[in-house]
Amino acid sequence: MKLIIAAIKPFKLEEVREALTSIGVRGMMVTEIKGFGSQSGHTEIYRGAEYAVNFVPKIKIEIVVGAEMVDQVVETIRVTAKTDKIGDGKIFVLDVNQAVRVRTGETDDDAL
């Protein structure tokens with residue numbers, strides 16, 4: 001099993017969710033986050049005063065899938081979340097040692 005963590009632009013969430021659902025992803029966790037990468041934030045003007053926005057709003061998606069689905073899920077997120085502009089996000093893939101479904105006690109792949 002693998003944990004896929006993706007940080008994407010907020011307006012891409014629904015499109016990414018629909019694309020992942022269409023390839024068989026049955027669940028995901030979504031969190032609103034703030035961060036920065038290459039773009040290192042930006043400046044904005046509010047009521048005539050300029051101020052620095054050091055952290056940019058993003059959405060973090062966390063998905064646990066079987067190892068056989070990893071490449072398809074990563075590619076689906078990459079293609080769907082892409083805008084060709086700086087700040088499109090990042091995708092990370094980590095190993096998951098154990099999963100347990102709380103309601104039934106099922107473990108590992110059966111818990112997904």
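Let's start with a term. Buried means under 20% relative accessible area, exposed means over 50%, and partly exposed lies in between, using a 1.4 Å probe and protein chains only.

Now, what are we looking at? This is a predicted model, where local features need pLDDT of at least 70, side-chain atom pairs count only at pLDDT 80 or more, and totals for chains, interfaces and linings use all residues. Residues are numbered from 1 along each chain as its sequence is written, and side-chain values use heavy atoms, with hydrogens and water left out.

First, the overall fold. The chain has two helices and six strands. Both come from DSSP runs, numbered from the N terminus: helices are H or I with at least four residues, strands are E with at least two. In sequence order the pattern reads β-α-β-β-β-β-α-β. The radius of gyration is 17 Å, well over the 13 Å that the globule rule gives for 112 residues, so the chain is more spread out than a compact globule. That radius is taken over C-alpha atoms, and the rule is 2.2 Å times the number of residues to the power 0.38. The C-alpha trace spans about 55 × 25 × 20 Å along its principal axes. Of the 112 residues, 31% are buried.

Next, salt bridges. We call it a salt bridge when a side-chain nitrogen of Lys or Arg is within 4 Å of a carboxyl oxygen of Asp or Glu. How many salt bridges does this rule give? The count is seven.

Take lysine 12 and glutamate 15. Their closest N and O atoms are 3.2 Å apart. Is lysine 12 buried or exposed? Lysine 12 is buried, at 10% relative accessibility. Glutamate 15 is partly exposed, at 40%.

Now helix α1, residues 13-22. Arginine 17 and glutamate 14 both sit in this helix, three residues apart, about one turn. They form a salt bridge, with the closest N and O atoms 2.5 Å apart. Arginine 17 is partly exposed at 34%, and glutamate 14 is partly exposed at 40%.

One more pair. Glutamate 106 and arginine 101 meet in a salt bridge of 2.8 Å, N to O. Glutamate 106 is partly exposed at 32% relative accessibility. Arginine 101 is partly exposed too, at 23%.
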